[in-house]
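Please examine the sequence and the model shown here.

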Amino acid sequence: MEISVQLYSVREQLAEDHLGTLRRLVDLGLAHAEPFHLLEHRDALVRARGELPLDFPSAHQSLLGEVDLPAVLEAAEAVGVQYLVDPYWDPADWTDAGRVRALADRLNERAAIAAEHGLRLGYHNHHFEIASRLEGRTALEVFADALDPQVVLEIDTYWAAVGGADVPALLASLGERVQLVHLKDGDLSEDPAAQLPLGTGAMPLAATLAASRHVAYGVIEFDDYAGDMLEGIAASLAHLRSAA
């Protein structure tokens with residue numbers, strides 16, 4: 001599993017100095033990063049890719065709603081993305097099995113188009129796709145069963161735990177469908193500001209990493225953090241290296 005970082009963690013720093021912030025991540029020892037709002041940041045990411053030893057194998061971009069799919073796919077190709085992931089969909093639609101399967105059908109249709117461009121589409125969970133139980137399973141598992149094999153999942157392991165999942169068991173259940181995981185720690189509350197560097201919170205991190213051995217990229221992320229964000233990322237990276 002290669003280690004990446006979700007750039008949403010440093011969104012405030014990026015807004016002030018995009019290239020300089022990415023350079024600081026490289027200085028920490030990171031070679032991969034996961035952008036968000038791919039269309040918005042396309043040009044800056046293309047520039048960074050040309051100037052820094054940093055690539056962007058995965059990216060977040062809305063895919064399930066109204067979207068200019070050709071523009072999104074062009075941006076992904078320009079930035080060098082392999083996995084293009086929808087980061088969020090309306091919690092209300094995860095409470096009904098029919099609507100969940102309709103979401104899967106929509107993503108399957110768009111994934112078939114993306115495949116012609118050498119891209120794989122995916123979905124990233126929060127807690128509500130796990131907390132919602134449908135047909136004796138989590139809504140996310142109902143969704144996964146309706147997905148085409150080429151569609152991937154990016155499991156946010158922290159939010160899955162907040163939603164009540166046994167995270168290693170969930171990863172085992174979903175199998176190689178999971179090609180990316182978000183790695184974060186904290187007190188397992190819904191308060192993003194309670195998130196902590198890896199290894200300092202309540203997440204079953206060792207078991208989670210063991211269950212993620214087939215995953216292509218493990219992505220460090222903080223939705224929020226009370227301390228210095230770059231120091232938190234550095235501490236998380238150090239912990240992953242020591243665990244490896």
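The paragraphs below describe a helix, its partner and a separate loop residue.

This is a predicted model, in which local features need pLDDT of at least 70 and side-chain atom pairs count only at pLDDT 80 or more, while totals for chains, interfaces and linings use all residues. Residues are numbered from 1 along each chain as its sequence is written, and side-chain values use heavy atoms, with hydrogens and water left out.

Helices (H or I, at least four residues) and strands (E, at least two) are DSSP runs, numbered from the N terminus. Helix α2 covers residues 18–28. At its start, a side-chain oxygen of D17 comes to within 2.9 Å of the backbone nitrogen of G20; a polar contact is a pair of N or O atoms within 3.5 Å, where within protein one must be able to donate a hydrogen and the other to accept it, and residues adjacent in sequence count only if both atoms are side-chain atoms. Just after α2, G29 adopts a positive phi of about 110°.

Several residues of α2 are buried, namely H18, L19, G20, T21, L22, L25 and V26. Buried means under 20% relative accessible area, exposed over 50%, and partly exposed in between (1.4 Å probe, protein chains only). Their cover includes β1 (2–5), α1 (11–16), α3 (38–51) and α11. H18 counts as buried because its relative accessible area is 16%. Leaving aside neighbours within four places in sequence, H18 is in contact (heavy atoms within 4.5 Å) with H41, A44 and L45.

How do α2 and α11 cross, and at what angle? The axes of α2 and α11 (residues 229–243) come within 10 Å and cross at roughly 30°. Therefore α2 is roughly parallel to α11. Axes are lines fitted to C-alpha atoms, for helices over the stretch in contact, and angles run from 0 to 180 degrees between N-to-C directions; angles under 35 degrees count as roughly parallel, over 145 as roughly antiparallel, 65 to 115 as roughly perpendicular and the rest as oblique. In this contact, R24, L25 and L28 of α2 meet L230, I233, A234, L237 and R241 of α11. Six of the residues in the contact are nonpolar, none is polar and two are charged. Ala, Val, Leu, Ile, Met, Phe, Trp, Tyr, Cys and Pro count as nonpolar, Asp, Glu, Lys and Arg as charged, and the others, Gly among them, as polar.

S62 lies in the loop between β2 (58–60) and α4 (69–79). At 36% relative accessibility, S62 is partly exposed. Not counting residues up to four places away in sequence, S62 touches V67, D86 and P87.
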